[in-house]
Amino acid sequence: MAAPIRLIVPGTLRYRAIAVRLVAESARLVSQSARQDPKNPLANEVRDPFDTAVVSAFAEIFNNVAVHAYKRRDAGAIEIAITPSDRELLIELTDHGDPFDIDEVAPLPAELDETTLPEGGMGIHIAKTMLDEMTYEPGPPNQWRLRKVLPATRAVSNGRS
Amino acid sequence: MASPYEVQRTDAETKLAVRGSLDINTAPQLAEEIDKIIASKPKKVTVDLAGLDLIDSSGVAALVKLYKGVRSSGGALAMIGARDQPLEIFKLLRMDKVFNL
């Protein structure tokens, strides 16, 4: 297995786009998805389902670390290790901010209508639902482990039977 | 950086086109415009998401606030054009049916 791709960024939202772009490119290593517009490598578009899941989940966890662990202050770093393999992508994030109780995150309302539409608390739900595995170990350091597996049918079509 | 949104107002309708990435960094810009739209008590608002490439929970929250604000003053809001990652997020959150996406 190749060495992980590593990135260390200040734990603020200013560096979010850099981290998200690296994760998107790493997801493409696994999904082998093509760019819609190969002439525009800086486009934000994410269309492949695997890439969509990985990018959406990672972005929410990065937000969570910057906002809740580091309280929107430049108070520490986020260490990101990305391990792509033929059939899955593993992303590990480590921060040294305040831990939080993931069990206190409220689930989405059972029935959604105009009155129950949530205006917050959706990030963890998005990440958890998009991934095959998401674990959080409060610290310090706090450690997130995000894992997304390429569906078997996709692996076969990519020539990875 | 290009504005992540564009607003067109007529007597009959307010059109809001959102493009690029609507996320925790860009949603605050849109939130100011959303407050203005809600305060104007429009009868009809159309939110065009065809140009939106990426959204996160902060972006969703901004659009939910707009939806609730317009509806609470008796207006109608339609969201159109959602595709790819944003559409998947709305489906995951089960909001696609509420917004008729």
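A: A residue counts as buried if 20 or more other C-beta atoms lie within 10 Å of its own, and as exposed if 12 or fewer do; anything in between is partly exposed. One thing to keep in mind throughout is that this is a predicted model.

Chain B is built from three helices and four strands, and reading from the N terminus the order is β-β-α-β-α-β-α. Its radius of gyration is 12 Å, close to the 13 Å that the globule rule gives for 101 residues, so chain B is as compact as a globular protein of that length. Along the principal axes, its C-alpha atoms fill a box of roughly 35 × 30 × 20 Å. The contacts reach across the sequence, too: among those in chain B between residues at least 6 apart, 72% join residues at least 24 apart.

Chain B also packs against chain A. That contact takes 26 residues from chain B and 22 residues from chain A. On the chain B side, β2 (14-22), β3 (44-55), α2 (57-72) and α3 (84-92) each supply at least two residues.

Now for the inside of chain A, and a general point first. In soluble globular proteins, nonpolar side chains tend to be buried together. Here, the largest nonpolar core has 67 residues, and the members that touch the most others are V23(A), V54(A), V55(A), A57(A), F58(A) and I61(A). α2(A) gives the most to this core, with twelve residues. Take V55(A): leaving out residues up to four places away in sequence, V55(A) touches V20(A), V23(A), A24(A), A27(A) and V46(A).

Helix α2 (residues 49-69) of chain A also packs against helix α3 (residues 123-130) of chain A, at an angle of about 145 degrees and with the axes 8 Å apart. Their crossing is left-handed. On the α2(A) side the contact is made by A53(A), S56(A), A57(A), E60(A), I61(A), N63(A) and N64(A), and on the α3(A) side by G123(A), I124(A), I126(A), A127(A) and M130(A). By class, that gives seven nonpolar, four polar and one charged residues.

L146(A) sits in strand β5 (residues 142-149) of chain A. With 26 other C-beta atoms within 10 Å, L146(A) is buried. Setting aside neighbours within four places in sequence, L146(A) is in contact with A57(A), F58(A), I61(A), I91(A), L131(A) and M134(A). L146(A) and A53(A) are 93 residues apart in sequence, yet their C-alpha atoms are 11 Å apart in space.

For contrast, follow chain A past that helix to K71(A), in the loop between α2 and β2 (77-84) of chain A. K71(A) has 11 C-beta neighbours inside 10 Å, so it counts as exposed. Back in chain B, R94(B) lies in the segment after α3, and R94(B) is partly exposed, with 14 other C-beta atoms within 10 Å.

Key
Residues numbered from 1 in each chain as written. Chains lettered and ligands numbered in written order. Predicted model: local features only at pLDDT ≥ 70, side-chain atom pairs only at ≥ 80, totals over all residues. Axes fitted to C-alpha atoms, helices over the stretch in contact; angles between N-to-C directions. Left-handed = near helix turned anticlockwise from the far one by under 90°. Contact = placed C-beta atoms within 7 Å. Nonpolar A, V, L, I, M, F, W, Y, C, P; charged D, E, K, R; others polar. Rg over C-alpha atoms; globule rule 2.2 N^0.38 Å. Core = buried A, V, L, I, M, F, W, Y, C linked by C-beta atoms within 7 Å.
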